[in-house]
Each structure stands twice: as structure tokens, then as C-alpha cells.
Amino acid sequence: MRAGVAQGGLISPVIFSLYVNDLPPHSHHVELALYPDDTAIIATSRKPSLLVSYLESYLNELQRWLSDWRIAINVTKGTSIIFARAGRRFIQPLPLTLFGEPIEWVDTTRYLGVNLDTRLAWSPHIDQVRRRTAQRMGMLGSLLNRKSDLSVRNGVLLYKRLIRPQMDYACPAWRSAAAPMSGGYRCCNPSVFASLLVPLGT
């Protein structure tokens, strides 16, 4: 193995964290959100044109770093998305590029199991949670209905282990969806910001 970290090793996650510890540092307008091999590059500005400029500048530094450390990434798995206040209109920028491959702008994306949309209204994520919960309920319906011979204690255990986690996952992030889902919308930060999701090491 000439570069990188062996997959499946007991200490591979720790070694990988050390391996990417010297990623190009973030700037005043760009921040990084790192979680194992999923990286979000976040830029903030009131002007979408500046967002693209900040991201392009950081991607140039990232490309040099990846080349130096011989880390291969699958650019096609990366997405870019702009988050803005409801009613804010802007022209869709040209795709960002990394190693000459385009990173397309999308209206919804998925990061760490959470679906994000451009208005952060959380509707796509909540719809997915509803579908998955309904599927899980359908599978366990015969065990959880009143006619089931399963004890209440075991029924509650099944609910807590197999159904409730579907609804609770990442809820601190999207619990603010109550207002937009009921017709209202509140935004604490008037700035526009963009997130670029790049999977490293794949």
C-alpha cells in the first residue's frame, strides 16, 4: 500500500483522522465540517457570487493538498448547494470543479443521514422519516397491535429499539421545522451560505 489508510483495520479510523488533520485551514469565510471521510466545506456571504469565489479558492488549495498526499476522491459523489432565506432569488452559478470534474449545484442533498434543502425547511427529510417509520411500523404491525400475544414490555422495547430511532435521529438539527411545516418561517441569519459536500478517500 503506497498511500492512504487500510480499510477495515481496527485503528484505521484514528489513523485516517491523523492523516487528514492537516487539511488546508479554513478562512474567515470558509469553514470545514469533518466527520470520518465525509467533509462539508461551508462558505458564507450575502452575495452568491462571493460564495462561489470563496469555494473555488479553497478547492484549489484542497486539490493541491490531495495531490501531495495522494488521496483519491470520487468527485461525482460530491454536491454543492446554496442555502438562502425564503423568497431570496439568485442566478444559479456555474458548477464548481475539482480535478477538472464538475460538482453540480443541487436543490437537496444528504449529509450524515440528514436531507438538506435550499430553504432548510426540512420537508424532504421529514417526508423520508415518515416513509421509513411507516415501513418499519408495517413490518412490526402484527407484533404491536392489540391482538398480539407480545407483552407490553416487549412491545415498548421493540418500539424504542426499532421505530423511535427512525424519528429521533438528528432531531436537534431539524426540530425547528415546526414553524415552516405549519406555514410560517423564521430565519435567524440573513446571510446566504453554501455547503460543498466532498467524500474523502472514496
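# A walk through a predicted chain

Strand S5 (residues 101-103) has the highest mean pLDDT among the elements of the chain, at 92. Strand S8 (residues 192-199) has the lowest, at 49. Over the whole chain, the average pLDDT is 79. At least 70 is reached by 83% of the residues.

One stretch calls for care. Across residues 182-195, pLDDT stays under 50. The model still gives this stretch 46 contacts beyond four places in sequence. Where pLDDT is low, the predicted coordinates should not be read in detail. Those contacts of residues 182-195 are part of the model, but they sit in a stretch with pLDDT under 50.

Now the overall plan. The chain has 6 helices and 8 strands. In sequence order, the pattern runs α-β-β-α-β-β-β-β-β-α-α-α-α-β. Among contacts between residues at least 6 apart in sequence, 68% join residues at least 24 apart. Of the 202 residues, 34% count as buried. The accessible surface of the chain is about 13,100 Å². Carbon and sulfur atoms account for 55% of that surface.

Begin with helix H1, which spans residues 12-19. Which residues of H1 are buried? They are Ser-12, Phe-16 and Tyr-19. These three cover an arc of only 55 degrees around the axis, so they lie on the same side of H1. What do the buried residues of H1 pack against? Their partner is helix H2 (48-68).

Ile-11 sits in the segment before H1. Is Ile-11 buried or exposed? Its relative accessibility is 56%, so Ile-11 counts as exposed.

Follow the chain past H2. The loop between H2 and strand S3 (79-83) holds Arg-70. Its backbone deserves a look. Most residues other than glycine have a negative phi. Phi of Arg-70, however, is positive, near 55 degrees. Arg-70 is also exposed, because its relative accessibility is 56%.

Next comes helix H3, residues 123-144. Thr-133 lies within H3. Its relative accessible area is 10%, under the 20% cut-off, so Thr-133 is buried. What does Thr-133 touch beyond its neighbours within four places in sequence? It is in contact with Ile-163, Gln-166 and Met-167. Helix H4 covers residues 152-168.

Salt bridges come next. How many does the model have? The count is 2. One joins Arg-130 to Asp-127, with the closest N and O atoms 3.7 Å apart. Why are these two separated by about one helical turn? Arg-130 and Asp-127 are 3 residues apart in helix H3. Their accessibility can be compared with the cut-offs. Arg-130 counts as exposed because its relative accessibility is 52%. Asp-127 has 33%, so it counts as partly exposed.

The side chains of Asp-168 and Arg-164 also meet in a salt bridge. Here the N to O distance is 2.9 Å. Both residues lie in H4. They are 4 residues apart, about one turn of the helix. Asp-168 is partly exposed, because its relative accessibility is 35%. Arg-164 has a relative accessible area of 39%, so it is partly exposed too.

Phi of Ala-170 is near 60 degrees, a positive value in a residue other than glycine. With a relative accessibility of 24%, Ala-170 counts as partly exposed.

The walk ends at strand S8 (residues 192-199), the element with the lowest mean pLDDT.

How values were computed
Residues numbered from 1 in each chain as written. Predicted model: local features only at pLDDT ≥ 70, side-chain atom pairs only at ≥ 80, totals over all residues. Heavy atoms only, no water. Buried < 20%, exposed > 50% of the residue type's maximum accessible area, 1.4 Å probe, protein only. pLDDT = per-residue confidence, 0-100. Contact = heavy atoms within 4.5 Å. Areas by Shrake-Rupley, 256 points an atom, 1.4 Å probe, with all protein chains shown as cover. Salt bridge = Lys/Arg side-chain N within 4 Å of Asp/Glu carboxyl O. Arc of directions from axis to C-beta.
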